[in-house]
Amino acid sequence: MEQAIADHYRDNRLGAEAVHQVLEQFGYDRMFYVLANTIRQKDFDGRISRNNKTWAKTIPVYENPDGFGCDRNVYFVVDRSHPGLLDLFLTQARKEYALSQEKKPSVRDSLNKNAGQQTRAEKPKRHKSRER
């Protein structure tokens, strides 16, 4: 993520390609887990929006203590990027995810649509009978 942010930050703008680069390599689940963990670790930082801090609390991040009781989650915090850029990255990633969910039809809708097509196909056609 740090490299993607560095690669796509130009002219005081973070390009949407940064999110796509990370998505191709890691997918939404892993990307959101790392981002949620990072935001939780930086909860004190005012450069991260309240919306993103609230969102981070909705993602389950499990405690992972080592043998000495230290939290291993600190090892995958995005630290080399400016917190403001990290906030922009997360906002873009959340928007991309929302758009991708709108495009996907739900499984229930697909099943209902397919069931409706099958019942239409199964109905016998009525033929007009000739009177003799």
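Reader: How many residues does helix α4 have, and how far does α4 reach from its first C-alpha to its last?

Author: Helix α4 (residues 83-103) has 21 residues and reaches 30 Å, close to the 30 Å expected at 1.5 Å a residue. The expected span is 1.5 Å times one less than the number of residues. Keep in mind that this is a predicted model, where local features need pLDDT of at least 70 and side-chain atom pairs count only at pLDDT 80 or more, while totals for chains, interfaces and linings use all residues. Residues are numbered from 1 along each chain as its sequence is written, and side-chain values use heavy atoms, with hydrogens and water left out.

Reader: What makes up the protein chain in helices and strands?

Author: Five helices and two strands, in the order α-β-β-α-α-α-α along the sequence. Helices (H or I, at least four residues) and strands (E, at least two) are DSSP runs, numbered from the N terminus.

Reader: Why is N37 called buried?

Author: Buried means under 20% relative accessible area, exposed means over 50%, and partly exposed is in between (1.4 Å probe, protein chains only). N37 has 2%, so N37 counts as buried. You'll find N37 in helix α2 (residues 17-41). Leaving aside residues up to four places away in sequence, N37 touches V61, N73, F76 and V77, where contact means heavy atoms within 4.5 Å.

Reader: And why is D11 called exposed?

Author: Its relative accessibility is 76%, so D11 falls on the exposed side. N12 has a relative accessible area of 69%, so N12 is exposed too. D11 sits in the loop between β1 and β2, and N12 is in the loop between β1 and β2 as well. Phi of D11 is near 50°, a positive value in a residue other than glycine; N12, not a glycine either, has a positive phi of about 55°.

Reader: What share of the protein chain counts as buried?

Author: Of its 132 residues, 30%. In α4, the buried ones are P83, L85, L86, D87, F89, L90 and A93. They pack against α1 (2-8), β1 (9-10), β2 (13-14), α2 and α3 (50-58).

Reader: What makes a set of residues a nonpolar core?

Author: The members are buried Ala, Val, Leu, Ile, Met, Phe, Trp, Tyr and Cys residues, joined through side-chain atoms within 4.5 Å. The largest one here has 25 residues, and M1, M31, F32, L35, W55 and F89 touch the most other members. α1, α2, α3 and α4 each supply at least two residues of this core, with the largest share, ten residues, coming from α2. As for W55, its contacts are F32, L35, A36, L90 and R94, not counting residues up to four places away in sequence.

Reader: Why is α2 called roughly perpendicular to α4?

Author: The two pack at an angle of about 115°, with their axes 10 Å apart. That makes α2 roughly perpendicular to α4, because angles of 65 to 115 degrees get that name, while under 35 is roughly parallel, over 145 roughly antiparallel and the rest oblique. Axes are lines fitted to C-alpha atoms, for helices over the stretch in contact, and angles run from 0 to 180 degrees between N-to-C directions.

Reader: Which way does α2 pass α3?

Author: In a left-handed crossing. Left-handed means the near helix is turned anticlockwise from the far one by less than a right angle; clockwise would be right-handed. Contact is made by F32, L35, A36, I39 and R40 of α2 with N52, K53, W55, A56, K57 and T58 of α3.
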